[in-house]
Amino acid sequence: MKENYLGVDVSPLNYDELINALYNRLEEQQNSFIVAINPEKIMKAQQDTALRNLLNRADFQIPDGIGVILASRLKGGRIKSRVTGIDMMMRISEESVKRQKSVFLFGAKPGVAEEAKAGLERLYPGIQIAGTLNGYEKDPEVIKQTINDAKPDILFVAMGSPAQEYFIVDHMQELYPHIFQGVGGSFDVLSG
Ligand code: UDP
C-alpha cells in the first residue's frame with residue numbers, strides 16, 4: 001500500500017522489493033514508470049495540479065529525500081530509509097546483467113551519455129547498453145525511432161525534473177522499453 005504525503009503518493013518498497021517488482025513486471029511486458037520523490041517536489045505539487053497528477057501517475061514513487069522518511073516516521077508509516085534515484089538506477093543496471101536485459105541512456109549534453117555508458121560498463125561488466133541519445137534532441141520521431149530501433153528493455157531519461165517525467169508519460173506507450181526512470185543529473189555524475 002502506498003503512503004501519501006500532501007496529496008503525493010510514495011511507495012514504501014525497499015530496493016530489493018522494487019527490483020523484484022520491476023523485473024517481474026518486465027517479464028510480463030508490463031510498463032513501469034519510476035519517479036523520485038523529495039519534499040521539494042511535494043511542495044511544488046501543492047500549487048501545480050498537473051505536476052501532482054504526473055507524480056501520482058508513476059507506478060513507483062521512490063522516497064528520495066530525508067524529509068519523506070521523517071514524515072513517514074511521524075505518521076507511523078513503513079518507509080524506513082531513502083531510495084535515491086541514482087542508487088535505483090545502479091541497482092536496476094546491476095540486475096540487468098543477471099537478467100540479460102538491455103539499457104538505453106537518453107539525456108544530458110552531447111557526449112555525456114556515451115561517457116555514462118562507459119562508466120556503467122566499467123561498474124557492471126557484461127551490461128548491455130543498447131544505445132545512447134543526447135537530451136537536446138527534441139524531435140519526437142527521431143527520439144522514438146532511435147530508442148525503438150535499439151530495442152532496449154530499460155530506459156533511463158536524464159533531462160532534469162519534471163521534463164523527463166513528462167517525456168516518459170507522454171511517450172511510454174509507443175516506446176519499446178518496459179522500465180522507465182527519470183534520473184536527473186545522473187549521467188553527468190557517471191561520466192565522471
Ligand atoms: N538536460 C537535457 N536536455 C534539456 C535540459 C537538460 O538533457 O533540454 C540535461 C542536462 O544536461 C543535465 C540534466 O538534464 O544533464 C539535468 O540535471 P539536473 O541535475 O539539473 O537535474 P535534476 O536532478 O536537478 O532534476
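**Figure 1. Overall view of the predicted protein chain.** Of the 192 residues of the protein chain, 40% count as buried. The model is predicted, and it scores ipTM 0.96 and pTM 0.97. Mean pLDDT for the protein chain is 97, with 100% of its residues at 70 or more. The secondary structure consists of 9 helices and 8 strands. The radius of gyration of the protein chain is 16 Å, close to the 16 Å given by the globule rule for 192 residues, so the chain is as compact as a globular protein of that length. Of the contacts between residues at least 6 apart in sequence, 72% join residues at least 24 apart.

**Figure 2. The shell around the ligand.** The ligand is surrounded by 13 residues. The closest are Ala-108, Gly-135, Gly-160, Gly-184 and Gly-185. By residue class, the shell divides into 5 nonpolar, 6 polar and 2 charged residues.

Figure 3. Most residues other than glycine have a negative phi. Gln-100 is not a glycine, yet its phi is positive, about 55°. The residue lies in the loop between α5 (85-99) and β5 (102-107). Gln-100 has 9 C-beta neighbours inside 10 Å and therefore counts as exposed, the limit being 12 or fewer. With 28 C-beta neighbours inside 10 Å, Ala-108 counts as buried, because 20 or more are required.

Figure 4. Most peptide bonds are trans. The bond from Ser-161 to Pro-162 is cis, and its omega is near 5°. Pro-162 is placed in the loop between β7 (154-158) and α8 (163-171).

Figure 5. Strand β4 comprises residues 60-63, and both of its faces are covered. Phe-60 and Ile-62 are buried on one side, and Gln-61 and Pro-63 are buried on the other. Strand β3 (residues 32-37) runs parallel to β4 and is joined to it by 4 bridges. Within this pair, Ile-37 stands opposite Pro-63 of β4.

Figure 6. Phe-106 is placed in strand β5. This residue has 26 other C-beta atoms within 10 Å and is therefore buried. Between Phe-106 and Gly-131, which are 25 residues apart in sequence, the C-alpha to C-alpha distance is 8.4 Å.

Note on methods. Residues are numbered from 1 along each chain as its sequence is written. This is a predicted model: local features need pLDDT of at least 70, side-chain atom pairs count only at pLDDT 80 or more; totals for chains, interfaces and linings use all residues. A residue is near a molecule or strand if its C-beta atom, placed from the backbone, lies within 6 Å of it. Ala, Val, Leu, Ile, Met, Phe, Trp, Tyr, Cys and Pro count as nonpolar, Asp, Glu, Lys and Arg as charged, and the others, Gly among them, as polar. Helices (H or I, at least four residues) and strands (E, at least two) are DSSP runs, numbered from the N terminus. The radius of gyration is taken over C-alpha atoms; the globule rule is 2.2 Å times the number of residues to the power 0.38. Two residues are in contact if their C-beta atoms, placed from the backbone, lie within 7 Å. Two strands pair if DSSP finds at least two bridges between them. pLDDT is the predictor's confidence in each residue, from 0 to 100.
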